[in-house]
Every structure is written in C-alpha cells, then in structure tokens.
Amino acid sequence: MAKNVFYFFGILVLVAVAGFFILGAGAETSQKNSGTQNSGASGSGDFQKVTLSIKNYNYYPNTVTVKEGQPVRIYLDATVSGCLRSFTIKDFGIAKNLPTPNDYIEFTPDKKGTFRFACSMGMGYGTLIVE
Amino acid sequence: MSVKNFVKSLSGNEVEGELVKTIFVSLATSFILIGILYFLRLRYIENFIPKYGFYLFFAVLSYSLILLSIKHIRAYKEFPCMSGMMIGMTIGMISGFLPGFFVGATNGMFWGSVFGMAVGITFGTWNGKCCGIMGAMEGMMAGFMGALMGGMTSIMMLNDNLKLAGVIIFMVSSVILLGLNYMIYTETREMERKHKDDEFFTIFWSFLLTAVTIFFMVFGPRSLLFQ
C-alpha cells in the first residue's frame, strides 16, 4: 500500500515538474505559427492582390486569374476558417498556414497554365489561371 | 467485481498492483531522457519548447498509459475472442491515434499518419494476438485507422484550438485505456497470471518511443506546411 502511494505521488510530482518546465516555457513564447509572413515583399504596391473568402463551403472566387511574372499576394479573409486557412498551391511549392486575414502568401508565377489551389486536406479547392 | 474492487486491487500484490509503478517508471524514463537530450542537444534548437514541448509532453503521458495497458494484457497472455478483439481494437486505435495526432501537429498529416500507423499497427497486432488471428487483424485495422484519424484531426484543427483539442483527446483516451484495464481485471478474476514483465520492459519501450518521437518531431521529415 505504502509503496503504491509513493509511486502515485511520484507520478504527480513528475507530471507537475515536467509540465511546469515544458508547458510553462512554451507559454512564455508566442504560440503563433511564424511561417506565414511573406518573404521579400516590396511594399511598392507592384503586386497582384487576391483575397479569397468562403462561399458554399469552398473558396470564393473559385477561379483566380493572374499574370505571369508579376508577384501575387493571396489573402484569406475572416470568413475562411478551420483547415481551409492552410493554403496550398502544389505546382508552385506553396503550403502556408495563414492564421489571420492579415497574413498572406506571396509568390511569382513563373509559368503559364492552369493550376489547382486547395487547403492542406483538399477539402476546399479552386483553380489558378496564369496568363 | 466493482470499480471499487478494481481501485483497491491497484494497491494489492497481484498484477494490478504493479500498474501504478509502471506509469511511474515509464514517465521517469521518458522525462529523464528528454532532460538529458535537452541539455545535450535540444536546447540549441530554436524554439524547441514552444514548438514541440506541448506535443512531446502529452505524447510521453500517452505512452505511459499505453504501456500500462500492454503490460496488463501480457500478464495474462490469452483471452477469449470477444475480449481479445476489444483489446486489439482499443490498443491499436489509441496507440495509433495519439502518436498520429501529436506528430501530425508538428510534422504534418502524412508523417503523423505514417508514424501513428507504425506504432498503432505494431501494438495493435502484438496485443490483439492474445486471442488469435481475429484480435491481431482487429488490432492491425484499428492501428491503421486510428493513425490516419489522428494525423487528419491535428491538421483539421490547426487553426482551431489544436492544443486544447490535444488535452481533451488525451483525457478521453486515458479514460478509454483505464476502461480497458478494468475490463481486463473483470475478465481475469478466474485466471492465473501467465507472464511477468520486469521493469526493463517498461524502460525499454518508454525509451524507444520517446527517443523516436523526439527524433521524428525535431529532425524527421515534414510536410510543406511545416517547413
């Protein structure tokens, strides 16, 4: 009996101490995913801005047309929620989590054609046309 | 055969009397390993604790409960088909889901699912075979399905209270595993103990699972979403 009481309190102490160090230290730092910022944004306004929202449980607009060689910024507005905020365009190697409407993806389409964009699970999807 | 008797047996000298010690040994092994690795290598990794600490912490707690159930099952070795299938399914599902969920939250759905499948199918098949091929197959299927669900759930909740979901999922899984322990207790009152694992069993598996989880989370492959 006394032996198991020792182990029981040992478990409590282990979990409390490890939890304090691991979870406590984690709470001090911002939990936000930092992989959402753009890289090399010019700020000159010389980019094509695309803002996607949600309609009928999918991205809206569902088809987006952009020009080749000109940087594109894609924003997801506040109506986009859940896993649809993890945005991917496989053909351009893009996969980013955009937690807020201010986060965006910036890339330069370097090839013409029709490409598919989707959320990370493929539940929401659409077409990107590069002309 | 009430829950009260089961709780009482946790302090006894039978198989159930060793279960609390198993949790303690498993947690001690895992946290000592994490502590050593942290001071030797992991503290030099940028944002290690904020990025991986939470998921690693709950993965370690999960392993201690999974190993507890496995040790309980191995003590009696053979079960009727109905019980064996439930054992295979529960162990396979939970030991696939939890690692799949926690690794999926740091490495993406694909790698979370692959990792969860490796753990879930291995443990599910191994423990399910206590009743023969039916339990083994049940364990294999449950490990496969649980791992996919774990990886998928973490990605679907990435922008929606993922950490809180992790706590809730861990708590529900704990209750299910303790329910399995209670079931084993009720089913084995007329049975003799057939096998005794010493603490090396717990230390070995805790060490292996924790080490592989750390390696996978920190250095392992990850989907584009987490790069």
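**View 1. The loop between α3 and α4 of chain B contains K77(B).** This is a predicted model. K77(B) is not a glycine, yet the residue has a positive phi of about 65°. Is K77(B) buried or exposed? There are 12 other C-beta atoms within 10 Å, and a residue with 12 or fewer counts as exposed, so K77(B) is exposed.

**View 2. The loop between α2 and α3 of chain B contains N47(B).** Here too the backbone has a positive phi, of about 60°, although N47(B) is not a glycine. N47(B) has 12 C-beta neighbours inside 10 Å and therefore counts as exposed.

**View 3. Helix α4 of chain B covers residues 81-107.** How far apart are the end C-alpha atoms of this helix? They are 37 Å apart. At 1.5 Å a residue, the 27 residues of α4(B) should span 39 Å, which agrees with that distance. Of the 27 residues of α4(B), 25 are buried, so the helix is largely enclosed by the rest of the structure. A residue is called buried here if 20 or more other C-beta atoms lie within 10 Å of its own. Just after the helix comes G108(B), with a positive phi of about 105°.

**View 4. Chain A and chain B meet in a contact that takes 27 residues from chain A and 24 residues from chain B.** On the side of chain B that touches chain A, α2 (19-40), α3 (48-76) and α6 (133-156) of chain B each supply at least two residues. Which helix gives the largest share of this side? The largest share comes from α2(B), with 7 residues. Sorted by class, the side of chain B that touches chain A has 16 nonpolar, 6 polar and 2 charged residues. For the complex, the predictor gives an ipTM of 0.72 and a pTM of 0.80.

**View 5. An open sheet of chain A is formed by 4 strands in the order β2-β1-β4-β7.** The pairing in this sheet is mixed. β2 (58-60) and β7 (104-107) of chain A are the edge strands, and each pairs on one side only. On average, neighbouring strands of the sheet are turned by 30° against each other, direction ignored.

**View 6. Strand β1 of chain A, residues 48-55, pairs with β2(A) in the antiparallel sense.** The pairing of β1(A) and β2(A) runs over 3 bridges. Opposite I54(A) stands Y59(A) in β2(A). With β4(A), strand β1(A) pairs in the parallel sense, over 5 bridges. The bridge partner of L52(A) in β4(A) is L76(A).

**View 7. Strand β4(A) has a covered face and an uncovered one.** In a regular strand the side chains alternate between the two faces of the sheet. Which residues make up the covered face of β4(A)? The covered face holds V72(A), I74(A) and L76(A), while R73(A) and Y75(A) are on the uncovered face. β4(A) runs antiparallel to β7(A), and 4 bridges join the two strands. Opposite V72(A) stands F107(A) in β7(A).

**View 8. The loop between β2 and β3 of chain A contains P61(A) and N62(A).** The peptide bond from Y60(A) to P61(A) is cis, with omega near 5°. N62(A) has 14 other C-beta atoms within 10 Å and is partly exposed. Leaving aside residues up to four places away in sequence, N62(A) touches G126(A) and T127(A). From N62(A) to L52(A) the distance is 8.4 Å, C-alpha to C-alpha, and the two residues are 10 residues apart in sequence.

**View 9. Confidence in chain A is highest in strand β4, residues 72-76, at a mean pLDDT of 93.** In chain A, confidence is lowest in helix α1 (residues 2-28), at a mean of 77. Over residues 30-43 of chain A, pLDDT stays under 50. For residues 30-43, the model has 14 contacts beyond four places in sequence. Chain A averages a pLDDT of 80, and 82% of its residues score at least 70. Chain B averages a pLDDT of 90, and 98% of its residues score at least 70.

Terms used: Residues numbered from 1 in each chain as written. Chains lettered and ligands numbered in written order. Pairing = 2+ DSSP bridges. Axes fitted to C-alpha atoms, helices over the stretch in contact; angles between N-to-C directions. Expected span 1.5 Å × (residues − 1). Contact = placed C-beta atoms within 7 Å. Nonpolar A, V, L, I, M, F, W, Y, C, P; charged D, E, K, R; others polar. pLDDT = per-residue confidence, 0-100.
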